[in-house]
Amino acid sequence: MPAWTPDQPLIRIRDVHLSFGAVQVLNGISLDVMKGDVICIIGPSGAGKSTLLRCVNALVPIDRGSILVEGQEVHDAKLDKLALRRKVGMVFQQYNLFPHRTALDNVMMAPIHVLKRPRGEVEQEARALMRKVRLEGKEGSYPGELSGGQQQRVAIARSLAMQPDVMLFDEVTAALDPETVKEVLVTIRELAEEGMTCMIVTHEMGFAREIADEIYFTDRGVVVEHGPPAEFFAHSRDPRTRQFLSQIL
Amino acid sequence: MINLNPLWDWFRTLHETTGINLTIFYDPFDRARFFNGFLTSLRLMAICLVASVVIGVVGAWVQRSRMLVLRAITQGYVQFFRNTPPLVQLYFFYFALGSYVRITSPTGLSVPAVSNFSWAAIGLSLYAGAFNIEIFRAGIEAVPRETIEAAEALGYSRLKAYVYIILPLAFRISLPALNNNLVNLVKTTTIAYAIAVPEMLYVANQIWSDELNVPEMMNVLLVIYVSLVALLVFVMGRWERALRVPGYTPA
C-alpha cells in the first residue's frame, strides 16, 4: 500500500456497515475528511453518528467496509490500536474524566502512562493546555468539583495532551447546561481555527453552520446529503434533510 | 528498659487476693509462650492479609482475561474455596497435600517440606483471597463502562487501564466489603489451632490446661481479638478516608 500523504484524506470512510443484532446502525456510510478540515455530522438520534465516531477510533468493530486513518486500515486484526489512538483524540458526551485524579493529572496521565514521556516535560505541556482551555487555577480540582463545562474542557485538554492529528467530538455539549455550552464551543472553535482536523457530531446547528467546512446529514446509517454550511442550510435538496432542519431550526 | 516487675507483682497479688489467675503476666514461662503465640498470630494475620489482597487483585484481573481457560480456572478456585469450610480446607492442605509434599532431611528421615505455619498461611490466604476476588470483581463491575472506554480511547492497554484507572476506582468501591472480609480473616486465623500452629488460641489452650484458668484465658483472648479487630477497622477506616476523592461518591 502506498504511504499516506497529506493531500489524501486523513480519514477515508467507505461503505461502512454495522449492525447491533437486528438493528442496522451503519448502512453503507462513506465520507472523507481532509487534513485541517472541520466536518460536522448532524442527523436525528439513531442515525449512527456517535457509532461512526467510535468506529473511527476502533472502539467498535465494523461488519463491512473500510475506514482508513492516514492510510491505515482501522479494522485490521493486526492494527496497532495504540498507534491509532495516538493519532485520534476523542471527547465524549459524558466527559468520562478519571474521577480519582485531579484535572491536571487527568491531562498528564496518558502521556506518562501510555507514551512513557518524562513527567516534568508533560507537566509543563499540561499546564499550558489547562491555560488554553481557560482552566488556569483549576489544576488541583477533582472532576467532581468542576462544572460540566469545565469537566468537558478538561476532557478536551486530556485528548490534546496526546497530540492527536484529528479530534472526534461526540455530542460534547449535549449534557451541558445552556450557559456552559458556549465555553466549550469557544474552545473547539479555537482548535479548529488553529488548523486541527475535527469530526464533530453535534445538535448545535448554529455552531455547525459557523465552524464547519462541510456538513454531513445522516439518517438511518447513511449520508443523506452533504455540503458546505451556507449551501447546505439554504438549499438542502433531500426531503429528509428539509424535514429535519424544519424541526430544529 | 522500663522495669515491669511491679506490674507483674500486681497480677500475682491479684491472684492471691481474688483468685483471678493471669499466669501470662506474673509467670515468666507462661508470659513467654503466650507472647510467642501472640506474635505467631500477628505474623499469620499480616501474611494472610497481604497475600489475600494480592490474590484478590490478580484474580479479579484474570477474571477479565480474554482466555476462557484462565477465567474457568479462577472461577473454579473461587467456587472451591467459597463453598467449603475453611477448617476442612486446612485439614486438606495439612493432612492430604502435606503427606505428599515431603523431603528427606539430612538425617535420612522423611519430613514435611512445608511447615504447619506455612500451610496455615497458604490455606487462609487462598480462602480469604477467593472472597477478595469476588469483592474486587463487584467493584470493577461498578466502574462505568464509559470511563474504561475513555482510557481505551487514550491508548491505554488493558493492563494499564486496569492498573491506573479501573483498579483505583474499583478499590474505593470495594473497600467496605473488603473490610468485612479482612476482619473475618483476622478471626479465622484461630483455626490454625487445628493443625497445631502455636498461635494465640493454641498457646492459650496449653496454658489453661496447665494452670486451670480457663475463664481468665478466655477473657484475655476476647480482649485481644476485639482490640486487634478494632485496630484493623481503625486503620481501614483511615485508609478509606485517605482515598476519598472530593466531589466523587462511588456508585
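Me: Are the faces of E8(A) covered or open in this predicted model?
Reply: Both faces of E8(A) are covered. Thr197(A), Met199(A) and Val201(A) are buried on one side, and Cys198(A) and Ile200(A) are buried on the other.

Me: Why do those residues fall on two sides?
Reply: In a regular strand, side chains alternate between the two faces of the sheet.

Me: How many residues of E8(A) are buried?
Reply: Five of the five residues in this strand, which spans 197–201, are buried.

Me: Which strands pair with E8(A)?
Reply: Strand E3 (residues 38–42) of chain A runs parallel to E8(A) and is joined to E8(A) by four bridges. Strand E7 (residues 166–170) of chain A is also parallel to E8(A), with five bridges between them.

Me: Changing topic: how many residues does each chain give to the contact?
Reply: Chain B gives 19 residues and chain A gives 20. On the chain B side, the elements giving two or more residues are helix H7 (145–153) and helix H8 (158–188). That side divides into 11 nonpolar, three polar and five charged residues.

Me: Where is the kink in H8(B)?
Reply: A kink of about 55° lies at Leu175(B), shortly before the proline Pro176(B).

Notes. Residues are numbered from 1 along each chain as its sequence is written. Chains are lettered from A and ligands numbered from 1 in the order in which they are written. This is a predicted model: local features need pLDDT of at least 70, side-chain atom pairs count only at pLDDT 80 or more; totals for chains, interfaces and linings use all residues. Two residues are in contact if their C-beta atoms, placed from the backbone, lie within 7 Å. Ala, Val, Leu, Ile, Met, Phe, Trp, Tyr, Cys and Pro count as nonpolar, Asp, Glu, Lys and Arg as charged, and the others, Gly among them, as polar. The bend at a residue is the angle between axes fitted to the seven residues ending there and the seven starting there. A residue is buried if 20 or more other C-beta atoms lie within 10 Å of its own, exposed if 12 or fewer, and partly exposed in between; C-beta atoms are placed from the backbone. Two strands pair if DSSP finds at least two bridges between them.
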